[in-house]
Amino acid sequence: MSITSPDSRRRWLLALAWALLCALMLALQWWQAHAQQQREQLQLTQTVQRQMLEKVAQHKAHLTALTAVAPLQASEESSALRRVAKSIETIYPRIQEVQLVTAATPATGSCQVPAAAQTAAPLQPGSSASLPDEQHPGDYLFVKKVALPADWLCVRIHSAQLLGEKILPAHSGLRIRLNGHTLLEPSPPLQPARVFGQFTLAGYDQPLEVQLLTRPQNLLSWSMVLISVLLSTLLVGTANLIWKSRQQARRHQQRAQLLANEAQLAHASRVNGMGEMASGIAHELAQPVTALLSQSQAALRAHELGKPELLATALQANVREARRAGAILERMRGYISNAPSQPQRLDLPQAVNQALLLLDGPARQAGIALRWQAPMQPCWVWADPVSLEQVLNNLVRNALDALSHAVTPDANIEITLHIEAKQALLTVQDNGPGVDAATAQRMFEPFFTTKTDGMGLGLPLCATLMERMGGSLEYVHSPRGACFVMHLPLASDELTAHP
């Protein structure tokens, strides 16, 4: 089947709609999952920021508490400072070391690095600052000036414990920087990693730059794909069923409308057929009725003149015309009822002679010569004598009408007979004005006529009568006037005589 057929085109459209719907549903699910992930990551970033901010605030508070006992130089106060520091280290494991650095007690451990003293030196009493721990990766030092000239507190804080456990989901981690130095990287390293949240802790003299990292995740799962495929198939199938039902309903409606139109057309055809029948009967009976009128007038004239022989001839002609009218009505009834024609074996020249007896008088009155040279031998054909006479009468009368309305010197109608290809060809040729090409194409159409008082039924009826006899009627282009040829099948014995 061609791809351009309606069924193939509809299947391609359904497949395309299914694919687009699947893609749309997958995109929608991905967008929903992406939006949900962004919301969760934003909430997680806010949670981490809040917890870490609480912890750096605690560091600030611890230094404030330690400062309160640090200026006292008595030995018992120094022991009190150590007790407070010890309790802080115990309660807060991320605070690894607390030292009070004075002239009498120099710094030790991580606090003895020159960077710590350099950071604490310019501070005013009560001020604090932070710096990375050079000896312990992941830790940073938080220093505060206690008194002049060089008393200061030093606290070492482990950055990995600034956030509680199980806060970050799997495949996520923290990156912490201080003063451009990296304190903490995710463990294990996330490769590849994507930053989904970042902030800087400011306001407590510990400007930690924090980044939250995670591995890129596939937001679409096989379950989502399966759901999209099933829903798309269900929706497309439902739409297809609805479309088919509507198409079927539309076809039923069109069929009902077509049946109604056919009923109206059949009614109009019956009315038209009745009109054609009435017109055909009137057209065909006009000739014998005219002949009856003419012969009846001749009979009255013969009776007035006392010429019984002329009266008998006129009455015989009336009887013949009455029978001919009855035969015409019988043929018309057979034509209307579509009854088969009943041709018989007849002598064609004799039938032509019989038909021309009724046409000789009108031709002489119009001054038109009828030229017919009957052959010496009979020519037997299969034909209906009444139908044959009716056709020949119509053709000759049409020629008489054409010649009567035209100025033609030596006006004549020539009738010839010859045999060709198992057929007898009877030709009616006049030397009138002829027929133009447009009229020749339509002359056998019912109700087409060039006469002002014509009905356009003569030639169509003649063609039908010829076909019912097994012959045909043909118009042949001629350089002089109009030419019609009647084709009649030869009888079997005639075929033997003229092979």
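Which strands does α10 lie across, and at about what angle does α10 run to β14? Before the answer, two remarks on the source. This is a predicted model, in which local features need pLDDT of at least 70 and side-chain atom pairs count only at pLDDT 80 or more, while totals for chains, interfaces and linings use all residues. Residues are numbered from 1 along each chain as its sequence is written, and side-chain values use heavy atoms, with hydrogens and water left out.

Now the answer. α10 lies across β14 and β15, and runs at about 130° to β14. Contact here means heavy atoms within 4.5 Å. Axes are lines fitted to C-alpha atoms, for helices over the stretch in contact, and angles run from 0 to 180 degrees between N-to-C directions. Helices (H or I, at least four residues) and strands (E, at least two) are DSSP runs, numbered from the N terminus.

Staying with α10: 8 of its 11 residues are buried, so the helix is mostly covered, by the definition that buried is under 20% relative accessible area, exposed is over 50% and partly exposed is in between, with a 1.4 Å probe and protein chains only. Among the buried residues of α10 are L459, L461, C462, L465 and M466. After α10 comes G470, with a positive phi near 90°.

Next, the sheet under discussion. β14 and β15 belong to an open sheet of 5 strands, in the order β10-β12-β13-β15-β14, with mixed pairing. Two strands pair if DSSP finds at least two bridges between them. β10, residues 369-372, and β14 are at the edges; each has a single partner strand, so one side of each has no neighbour in the sheet. On average, neighbouring strands of this sheet are turned by 20° against each other, direction ignored. Between β13 and β15 there are 7 bridges, in the antiparallel sense. M486 in β15 is the bridge partner of L426.

M486 comes up again in the core. The largest nonpolar core has 40 residues, and V381 and M486 have the most contacts inside it. A nonpolar core is a set of buried Ala, Val, Leu, Ile, Met, Phe, Trp, Tyr and Cys residues joined through side-chain atoms within 4.5 Å. The elements that each supply at least two residues of this core include α6 (348-357), β11 (380-383), β12 (412-420), α10 (458-468) and β15 (483-489). α8 gives the most, with 8 residues.

What does V381 touch, leaving out residues up to four places away in sequence? The list is Q344, R345, L346, L348, A424, L488, P489, L490 and A491.

β1 and β4 run antiparallel and are joined by 6 bridges; E97 stands opposite R156 in β4.

K166 is in the loop between β4 and β5; its phi is near 60°, positive although the residue is not glycine, and K166 is exposed, at 83% relative accessible area. D410, in the loop between α8 and β12, has a positive phi near 55° and is exposed at 53%.

Is T439 buried or exposed? T439 lies in helix α9, residues 437-442, and is buried, with a relative accessible area of 17%. Apart from neighbours within four places in sequence, T439 is in contact with F448 and T450.

Last, the totals. The protein chain has 11 helices and 15 strands, and 36% of its 499 residues are buried.
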